[in-house]
Amino acid sequence: MSYTKNVLITGGAGFIGSHLARLMVNKYPTYRIINLDKLTYAGNLKNLEDLENAPNYVFVKADICDQKAISEVFTQYEISDVIHLAAESHVDRSIEGPMEFVMTNVVGTVNLLQQAKDNWKGDDHVFQHVSTDEVYGSLGAEGLFEEVTAYDPRSPYSSSKASSDHFVRAFHHTYGLPIKISNCSNNYGSHQFPEKLIPLMINNILQKKPLPIYGKGDNIRDWLWVEDHASAIETIFHGGRLGESYNVGGLNEWTNLDLVLYLCRLMDKKLNRSEGESEELITYVTDRAGHDMRYAIDATKLETELNWKPSLKFEEGLEKTVDWYLANEDWIQEVTSGSYRDYYEKMYQDR
Ligand code: NAD
Ligand code: DAU
């Protein structure tokens, strides 16, 4: 079969990438989706089991920093478009060791940009870069991040993502590469690695382990259901203007403490535990170094230009998420065995 597009998704074995790959494979049978992932600790082929036999789906294990491998993929699959998600994504890990973040997030991105530039002629292509609201820095009590907000990254993770955004724009301005960028707020949903706040708390509540709240728990994050992020990426891929950035978010701010308290109550009900039982597990631990106070996204541009809207209320999405983790304890078991234990000990033991 000849496909209308050969879309390279990078990082498609991770949390957001696997949701996006599923959406694209099922919704666009005339596109061939080439999912390229290094399968680091955060990537898991189990996230993609239902796609394995789809005729328009191919998985390639490779590192985005590997010039030869990426060049071969562009040639072999005649890549027409890229949706780039592969990254080191966890802020705490970036504080422990920034270099891996520079390699994948900066060098890997530039490698992909080079391959796209060398292989593509004209504008009938899209290089879409999936980025974060953390590039804008930290907000006080008021205001929202807009697309025109000046970049002010403050962690090694957000600095590496900001750098990659700058390179993507530089390839547009300097070489005319047809690019698009999206900057999204915190995602939650199924298949998220339990180093991130929500799945870590779900896992610890299940196991009756301490619930580590950094600092006073008054930092604020703006949460979006992962499938709504995937639909936003797809919407921008098809309708977004070349050279433009789009913020993605659902105006859903929670302090970390309120969110964890809500999760405790929800899970106490689901697990038939007595009211207040899980709350007692809350433990205040040393704050994250350089902890950004508040993120909040203004997604008006995406909503008005492309008619995108989040589909789920947070309370519904959180319940679906908890239900997924409760029904998939084997998945949690698998990803938290081995190196996760070492990570957890190193990160939380003396905190
Ligand atoms: P994740 O950590 O769950 O997954 C990252 C994936 O990238 C994994 O499958 C991993 O194996 C792969 N990968 C890592 N290094 C690689 C390399 N060198 N070569 C090839 N593959 C590699 O991350 P996520 O939460 O799904 O985030 C995906 C993207 O979305 C990232 O670019 C992240 O910055 C961005 N983002 C995430 C959020 C969020 O809340 N999680 C919000 C906004 C933007
Ligand atoms: O805003 C988008 C970003 O959201 C993405 O770009 C990142 O890839 C993603 O990891 C996420 O970054 P955060 O640092 O906001 O997410 P994390 O889940 O690590 O933490 C959320 C909040 O919870 C943050 O204020 C720190 C706090 N926290 C986190 C953990 C893991 C705790 O209090 N305790 C914890 O154990």
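A residue counts as near a molecule if one of its heavy atoms lies within 4 Å of that molecule. In this predicted model, 28 residues are around ligand 1, and those that come nearest are Ile 16, Asp 37, Ser 89, Tyr 157 and Lys 161.

**The shell around ligand 1**

- By class, the shell around ligand 1 is made up of 13 nonpolar, 11 polar and four charged residues.
- At least two residues of this shell come from each of helix H1 (15-27), strand E5 (126-132), helix H5 (156-175) and strand E7 (186-188), and E5 gives the most, with three residues.

- A polar side-chain atom of Ser 89 lies 2.7 Å from an oxygen atom of ligand 1, while a backbone N or O atom of Thr 40 is 3.0 Å from an oxygen atom of the ligand.
- Leu 39 also takes part through its backbone, where a polar atom is 3.5 Å from an oxygen atom of ligand 1.
- Ligand 1 taken alone exposes 840 Å², of which the protein buries 97%.

**Positive phi values**

- Most residues other than glycine have a negative phi.
- Leu 39, which sits in the loop between strand E2 (31-37) and strand E3 (57-61), has a positive phi near 55°, and this residue is partly exposed, with a relative accessible area of 24%.
- Lys 208, in the loop between helix H6 (197-206) and strand E8 (211-214), likewise has a positive phi, of about 55°, although it is not a glycine.

Definitions and conventions. Residues numbered from 1 in each chain as written. Chains lettered and ligands numbered in written order. Predicted model: local features only at pLDDT ≥ 70, side-chain atom pairs only at ≥ 80, totals over all residues. Heavy atoms only, no water. Helix = DSSP H or I, 4+ residues; strand = E, 2+ residues; numbered from the N terminus. Buried < 20%, exposed > 50% of the residue type's maximum accessible area, 1.4 Å probe, protein only. Polar contact = N/O pair within 3.5 Å; in protein donor to acceptor, adjacent residues only side chain to side chain. Areas by Shrake-Rupley, 256 points an atom, 1.4 Å probe, with all protein chains shown as cover. Nonpolar A, V, L, I, M, F, W, Y, C, P; charged D, E, K, R; others polar.
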